Structures are given as C-alpha cells and as structure tokens.
Amino acid sequence: MGNDLQKVLLTEDEILARIQEMATDIWRDYKGKDLLLVGVLKGAILVMADLMRALPGTAPMDWMAISSYGSGTKSSGVVRIIKDLDTDITGRHVLIVEDIIDSGLTLSWIRSNLESRSPASVEICTLLRKPEVAKVEIDVRYVGFDIPNEFVVGYGLDYAEKYRNLRVVGTLNPSVYS
Ligand code: PRP
C-alpha cells in the first residue's frame, strides 16, 4: 500500500506530536466546561481516536454522518444528515473534530446546524486545512497543519474508500488513478 504513495507530507510522529499539542490546548481551554467531542464520519475516526487518548482527562464523544446533495462532489455545501447526534447538546460546549477542511462548506453547514440547537459554544478542531481552496471564511480554533492544495490520503482520508488506514498523510502516485 505504501508503494502507492508518491510523497509523504506528514509522518506518523509529526501527526501524533501535533495532536498531543492540540489536546493539551483543548484541555486547558475547556477546563471546568462540559465538553462534547463531535466527530464527522468517516474521515475523522483516527483523529478522534488519537486526540481523545491524548487528552489528560476524559471527555465524551458523539458522531454525525453527512452526505452532500446535488452534484455529488463533497464541496457542494448542501448537506443531508445521514446519522444525527445521539446527544442533546443544549447548553454544552461542542468541539467538532474533523480530518480536513477543503472548501470549508461542509464544516460551515455543520457548525450552523449545531449552533441552531442552543449549545453553549461550537468550535472546530481539524487535523488538516487547505487555505488555498477555502470558499467560505470559517473560524477554526484548532488547526493541526495547513497543507498545499494536493489530493491527500491516509490517517482517515481516502481515495475510493482506500488508504484510510495509512499511518501517514501523503499524495498518491498518478498510476493509482489510471
Ligand atoms: C471530507 C472531510 C470533510 C469534508 C471537507 O469528508 O472529512 O467533512 O470532506 O470538505 P469541504 O471543506 O470542501 O466541505 P468526505 O466527504 O471526503 O467524507 P469522509 O470523511 O467519509 O471521507
């Protein structure tokens, strides 16, 4: 599987070290608050697993699954909820955990949706962000890495549902697509 990679952008050590830093910041910022981690399936599973284990204490998690309407591309910004939260977030401090923000349209929609449920706060934590392709301004409190506009896989990110289990983040050889 590693042979399908063209280039490694982030090693496992780099990813885990940055997640540890973010977990420390999050724990400090949410001290004494009712924090709920909300993951967005499926890409965020590995970030969530490592982030919550890097926290110095315990915090509950919940999950949403969404799908984009219309063109079928993930960045249409019009979103349908496939699986909603199990939890009532009224009065709670919600931290959305994501693997990547490309256009920002998905997160922008999810944030407004969650904000409409009267939580105490909604913030965002993402491992990766592509500033060059942002279509909407979105305030992201915790960003692991800003990366260039390249198609990346690994650490939860897929190409046709493959490569999510890679421990690194990297780009694919063009031969994989042909
Ligand atoms: C990815 C990622 C975000 C979204 C970001 O999910 O997890 O949810 O795309 O794109 P945007 O900023 O352009 O809106 P994807 O649709 O690939 O689903 P997956 O997590 O199941 O792989």
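Buried means under 20% relative accessible area, exposed means over 50%, and partly exposed lies in between (1.4 Å probe, protein chains only). This is a predicted model, in which local features need pLDDT of at least 70, side-chain atom pairs count only at pLDDT 80 or more, and totals for chains, interfaces and linings use all residues. Residues are numbered from 1 along each chain as its sequence is written, and side-chain values use heavy atoms, with hydrogens and water left out.

Start with the sheet. Helices (H or I, at least four residues) and strands (E, at least two) are DSSP runs, numbered from the N terminus. Two strands pair if DSSP finds at least two bridges between them. Six strands make up an open sheet, and their order is S4-S3-S2-S5-S6-S7. The pairing is mixed. Strand S4 (79-83) and S7 are the edge strands, each pairing on one side only. On average, neighbouring strands of this sheet are turned by 30° against each other, direction ignored.

Look at one pairing within the sheet. S2 and S3 run in the parallel sense and share five bridges. Val40 has Met64 in S3 as its bridge partner.

Contact here means heavy atoms within 4.5 Å. Axes are lines fitted to C-alpha atoms, for helices over the stretch in contact, and angles run from 0 to 180 degrees between N-to-C directions. H1 lies across S2, S5, S6 and S7. Its direction is at about 160° to S7. H3 also packs on the sheet, where it touches S2, S3, S4, S5 and S6. The direction of H3 makes about 170° with that of S5.

Helix H2 covers residues 45-54. Its buried residues are Val47, Met48, Asp50, Leu51 and Ala54. What covers them includes helix H1 (12-29), strand S2 (35-41), strand S3 (61-68), strand S5 (93-101) and strand S6 (121-129).

Asp50 brings us to charge pairs. A salt bridge is a side-chain nitrogen of Lys or Arg within 4 Å of a carboxyl oxygen of Asp or Glu. By this rule there are 19 salt bridges. In one of them, Asp50 meets Arg53 at 2.6 Å, N to O. Both residues lie in helix H2, three residues apart, about one turn of the helix. An α-helix has 3.6 residues a turn, so residues three or four places apart point the same way. Asp50 counts as buried because its relative accessible area is 18%. Arg53 counts as exposed because its relative accessibility is 64%.

A second bridge joins the side chains of Glu123 and Arg111 (3.5 Å, N to O). Glu123 lies in strand S6 and Arg111 in helix H3 (residues 105-115), so this pair ties together parts that are twelve residues apart in sequence. Glu123 is buried at 16% relative accessibility, and Arg111 is buried at 12%. A network of salt bridges links Asp25, Arg28, Asp29, Arg111, Glu115, Glu123 and Arg141.

Arg164 is buried at 15% relative accessibility. Asp158 has 23% relative accessibility, so it counts as partly exposed.

Next, a lysine. Lys130 sits in the loop between S6 and strand S7 (142-146). Is Lys130 buried or exposed? Lys130 is buried, with a relative accessible area of 6%. Leaving out residues up to four places away in sequence, Lys130 touches Ile100, Ile101, Asp102, Ile147, Pro148, Asn149, Glu150 and Phe151.

Rings of Phe, Tyr and Trp (its six-membered ring) pair if their centres lie within 6.5 Å; planes under 30 degrees apart count as stacked, over 60 as edge-to-face and the rest as tilted. The whole structure holds three aromatic pairs. One of them is Phe151 with Tyr177, edge-to-face, at 6.4 Å centre to centre and 75° between the planes. This pair links distant parts of the chain, 26 residues apart: Phe151 is in the loop between S7 and strand S8 (152-153), and Tyr177 is in helix H4 (residues 174-177). Phe151 is partly exposed at 38% relative accessible area, and Tyr177 is partly exposed at 37%.

Tyr159 and Tyr177 have ring centres 4.9 Å apart and planes at 80°, so this pair is edge-to-face. Tyr159 lies in the loop between S8 and strand S9 (169-172), 18 residues from Tyr177 in helix H4. Tyr159 is partly exposed at 24% relative accessibility. Ring pairs link Phe151, Tyr159 and Tyr177 into a cluster.
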